[in-house]
Amino acid sequence: MSTTDAYAGTSDTTEGRVFTVTGQDWDSISQGLAEAAEERVVVNMGPQHPSTHGVLRLILELEGETVTDARAGIGYLHTGIEKNMEFRTWTQGVTFCTRMDYLSPFYNEMTYCLGVERLLDIEGDVPEKAQVMRVLLMELNRLSSHLVAIATGGMEIGALTVMTIGFRERELVLDLFELITGLRMNHAFIRPGGVAQDLPPGALEEIRGFIALMKKRLPEYAALCNANPIFKARLEGVGHLDLEGCTALGLTGPILRSTGYPWDLRKTQPYSGYEDYEFDVQTWDTADAYGRFRVRLAEMWESLRIVEQAADRLAGLEGAPVMIGDKKIGWPSQLSIGSDGMGNSLDHIKHIMGESMEALIHHFKLVTEGFRVPVGQAYVPVESPRGELGAHVVSDGGTRPFRVHFRDPSFHNLQATSVMSEGGQVADVIVAIASIDPVMGGVDR
Amino acid sequence: VSDDSTTPEAAKEPAAQGGITQTPGQAAVDQSPENVPAPTGQVSQVGVRHGMFGVSGSGDTSGYGGLKSAVVFPAPAQRPFGGWFDEVADALETAARGAGLEHALGDVTVLRDDPALRFEFCASVSGVHYPEDAGRELHVVYHLGSMTWNRRIRLEVTAPDADPHVPSVTGVYPAADWHERETWDMFGVVFDGHTALTRILMPDDWPGHPQRKDYPLGGIPVEYKGGSVPPPDQRRSYH
């Protein structure tokens, strides 16, 4: 097969015939193959395919409709975030890692900051309000992430209403993010030592309104899907992986919990004060795509419970600090809205420019140079919507990370592609992968 | 620590010791063993820091430009470690003796299968490149977890740049498959025994291993209104 693309010249297969499929043209393949129907067919799916959750490439070997061999090719979204972080300060690192798994940015920031805080030995000094705000944002984020997982998973099997209502509710969460952090995604809001900014006025009312609305809307998903015969027929028994398989492959998150094993780092290795919240770890016992859907749905209710408790706590913490009191570490300024947009608060400018030379020096040093982190390494994982997310943070005592490596649950869990899809049908591959819920931004980093 | 020449001196003046009973001729460390500092483990230098303020690329006018300080990682902890770490260390030693191993970490199967250890979960494999840690430039760091005991340990293996070979753990932890591929891709560590050690994030024909410290970040100057901002690795920095 000849090509006009100069860069694809050497990538043609050396054996067999090649068909380029663009949709609506299956007939040409079946006719082309008619005389050699016994031959095995290798289908290259992706990296540009609407059903593969971003730039995931699947190489499927088929016998008829049955998948005999499935492999995943990744790396199409590799952006070198870990390398880039080595050239910025510890605080700037948050701005990079928030972009990895773009559906759960707060978790990326959180695990990185927990690692940095452990190296700085300030884990106990992070203010309570910052801890509660972190929990609030993370649980709201779990809601928005699970909503996308359910929405796109539904879309891929033709349940378009699930998609539209999923994105409708996600928009409400993103509105809350925008209100609290100023951005819908890529927040860089959780910083070493606390969070970037206090809650804006009126945020708690908005959150309470959201909780009330979600309590009405969440049952819609159950009503649409839980007992829907088409939905169940597509999901039940698909992507089956029992506890033994999950443990061997080190899978975590909803996949592990769908086997009935209640492993959740928020309970087993709590961080950020999770031990003080009332919630249950949701499990299911079918170990298939349907079970994972049910786990995610139930977890959204639990997240709502936690958000409710966090909002109650925040009501009693008005005016409390959100950044560590240590002036050698804590980001010196707070942001505020001025006549020319958002910037450093005028009070802070007045303080450093007119009142305190020391405050000016601290501001200058912290912003240009950053703080130094003691030599050592740390790994503090958190329970992200997709499973265990951890950052291996290494410091050589400088103002920049020596090395940061992210253990992303999507990257890890995608290894189960083969074992979940082989032996099933092509259409089930899509469902199996949707039940892993990989986010390629996190996989490739 | 114990220097014989000082002992008679101390024995001459018992009143100065605050009433502590002493035996003449006994070394000070034997008289009050509780005050002897714990032995520290072997540390190795992994880098050198120049100057005091981390300035590079511009003149250091602080007067501290000639200062050189070693970057040294904390020494390995000594017994008693505290918490459950001693139990794990005991179990490791027992298991190693049982398996006839010189060192318990000679076989990670022990870590996974021993009932007292049960680190059945390999969370991640990560590489770190220390160009100045001579003879062991490449470190491979495994984060293992025990769901049975709810414990976590970090396992660190080193290899020299000249012979970057580390045994693969994929036979014991299939979950490490992609992680080892990533570490090969990013650092050039060869995991012996891995069945398909190919690049995973970079293209198959990519030259070099990007996360190594001798691999440049790359980038082009950003131009704005006639001015030019150099790429991040060439800007003035303080590290």
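In this predicted model, D185(B) sits in helix α5 of chain B, which covers residues 176–187. D185(B) has a relative accessibility of 0% and therefore counts as buried. A polar atom of the D185(B) side chain lies 2.8 Å from the backbone nitrogen of M202(B). M202(B) is also among the residues that D185(B) contacts beyond its neighbours within four places in sequence; the others are R199(B), I200(B), L201(B), G208(B), H209(B) and P210(B).

Of the 239 residues of chain B, 36% count as buried. Among its contacts between residues at least 6 apart in sequence, 46% join residues at least 24 apart. Carbon and sulfur atoms account for 55% of the accessible surface of chain B, which comes to about 13600 Å².

In chain A, helix α5 runs over residues 128–156. From its first C-alpha to its last, this 29-residue helix reaches 42 Å, close to the 42 Å expected at 1.5 Å a residue. Because 27 of its 29 residues are buried, α5(A) is largely enclosed by the rest of the structure. Just after α5(A), G158(A) adopts a positive phi of about 90 degrees.

The largest nonpolar core contains 101 residues, and L140(A) is one of those with the most contacts inside it, together with M85(A), Y112(A), I180(A), I207(A) and F210(A). Helix α12 of chain A, residues 289–315, gives the most to this core, with 11 residues. A second, separate core has 48 residues, including A95(B), L144(B), V189(B) and I200(B).

L414(A) is placed in the loop between α15 (409–413) and α16 (417–421) of chain A. Its relative accessible area is 0%, so L414(A) is buried. L414(A) and D125(A) are 289 residues apart along the chain, and their C-alpha atoms are separated by 37 Å.

| Residue | Residues touched |
|---|---|
| L140(A) | V173(A), L176(A), F177(A), F210(A), V307(A) |
| L414(A) | L56(A), I74(A), I436(A), P438(A), M440(A), V443(A), W178(B) |

The contacts of L414(A) thus include a residue of chain B, W178(B), where contact means heavy atoms within 4.5 Å.

Methods:
Residues numbered from 1 in each chain as written. Chains lettered and ligands numbered in written order. Predicted model: local features only at pLDDT ≥ 70, side-chain atom pairs only at ≥ 80, totals over all residues. Heavy atoms only, no water. Buried < 20%, exposed > 50% of the residue type's maximum accessible area, 1.4 Å probe, protein only. Areas by Shrake-Rupley, 256 points an atom, 1.4 Å probe, with all protein chains shown as cover. Helix = DSSP H or I, 4+ residues; strand = E, 2+ residues; numbered from the N terminus. Expected span 1.5 Å × (residues − 1). Core = buried A, V, L, I, M, F, W, Y, C linked by side-chain atoms within 4.5 Å. Polar contact = N/O pair within 3.5 Å; in protein donor to acceptor, adjacent residues only side chain to side chain.
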